[in-house]
Amino acid sequence: LPHIYEVIKVEKIKVARVKQKRTWEASSWFVHHFAEGDPKKLYLYDIERKVCKVVTTPYPTIARRVIASAQQDNHIYMSGGSEGKKFLATTLECSVNGDLTISYRFLANMKEGKDYHSLVAIKNRNGPFLYSLGGYNGARLKACEVFSQKNNYWEFTASLPFEWCGLGGCCAVDHKEIYIFDGSLSQKEICCLNTEDAKPDWEIMLYKNALGWSYSNWGGAIQTNAGEVLVFLQSNKSFVFNNEKHSFDNKYPMPTSDRFIQSSPAIHGTDVYIIG
């Protein structure tokens, strides 16, 4: 079978493992998750040693509502969050060491404070970038921002074709395109942004109502092979998206009723791991 699910229990934490026939070139030795949305409590799971550790981050204590995070190489990036009517524009980089300790540095603030947005990390010929997509700061947002890690600077880029928030449900493909699969309950489109275009703009690829899934918040997605993306919904279901055909080839139920939300999947060897 191309995908076989297994749930691993580590110190009362559930980690889902998806066995793959092949793997995309990206690989990671750990996977992360924030406990109950608290950006100061970071769960780190060492995939090879099967060890889970909780570390404390220096993220502002005010950020008690949902932040966004992305994982690339041995780095975890965090941004945004809110408490009451105060929305944060904070961006933090945490570098994970082999003993599951972290070192960190604060990066430049986003252009605007927000929560319930998504963060995507891309590394291509133009350098490593972070993309902040949509979100909420009193209203749902269309605005997207891009951060140059070389210049430590955020700037606005192409806006979404719809107001969007809800975390997850999006990922980078081939270190070039960004796909949004799921999120805001009002979102019916699956869309794509080619970050290497001279004037990048979002393109609507297809509509979800033909796929037989209900719209949800807090999905997740990760590229697993060339031309394939594994998409998690806010349920115990997942789909495989074929990037070349722009279609969903298969649907795979997970062996647990738990929903893996506000989590960033990671690939190690031939498996995909997600914790939540």
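Reader: In which strand is the place of Asn124?

Author: Asn124 is in strand 12. Strands here are DSSP runs (E, at least two residues) and helices are DSSP runs (H or I, at least four), numbered from the N terminus. The model is predicted, so local features need pLDDT of at least 70 and side-chain atom pairs count only at pLDDT 80 or more, whereas totals for chains, interfaces and linings use all residues. Residues are numbered from 1 along each chain as its sequence is written, and side-chain values use heavy atoms, with hydrogens and water left out.

Reader: Why is Asn124 called buried?

Author: Buried means under 20% relative accessible area, exposed over 50%, and partly exposed in between (1.4 Å probe, protein chains only). Asn124 has a relative accessible area of 16%, which is under 20%, and therefore counts as buried.

Reader: With which residues is Asn124 in contact, leaving aside its neighbours within four places in sequence?

Author: They are Phe129, His175, Thr195 and Glu196; contact means heavy atoms within 4.5 Å.

Reader: What makes a set of residues a nonpolar core?

Author: The set must consist of buried Ala, Val, Leu, Ile, Met, Phe, Trp, Tyr and Cys residues joined through side-chain atoms within 4.5 Å. The largest such core has 18 residues, and those with the most contacts inside it include Val120, Tyr131 and Trp202. Strand 13 gives the most to this core, with three residues.

Reader: Why are strand 6 and strand 11 called edge strands?

Author: Two strands pair if DSSP finds at least two bridges between them. The open sheet of four strands has the order 6-7-10-11, with antiparallel pairing. Strand 6 (68-72) and strand 11 (102-107) are its edge strands because each pairs on one side only.

Reader: What makes strand 10 and strand 11 a pair?

Author: Strand 10 (residues 91-96) and strand 11 share six bridges in the antiparallel sense; the rule asks for at least two, and therefore they pair. Glu93 has Arg105, in strand 11, as its bridge partner.
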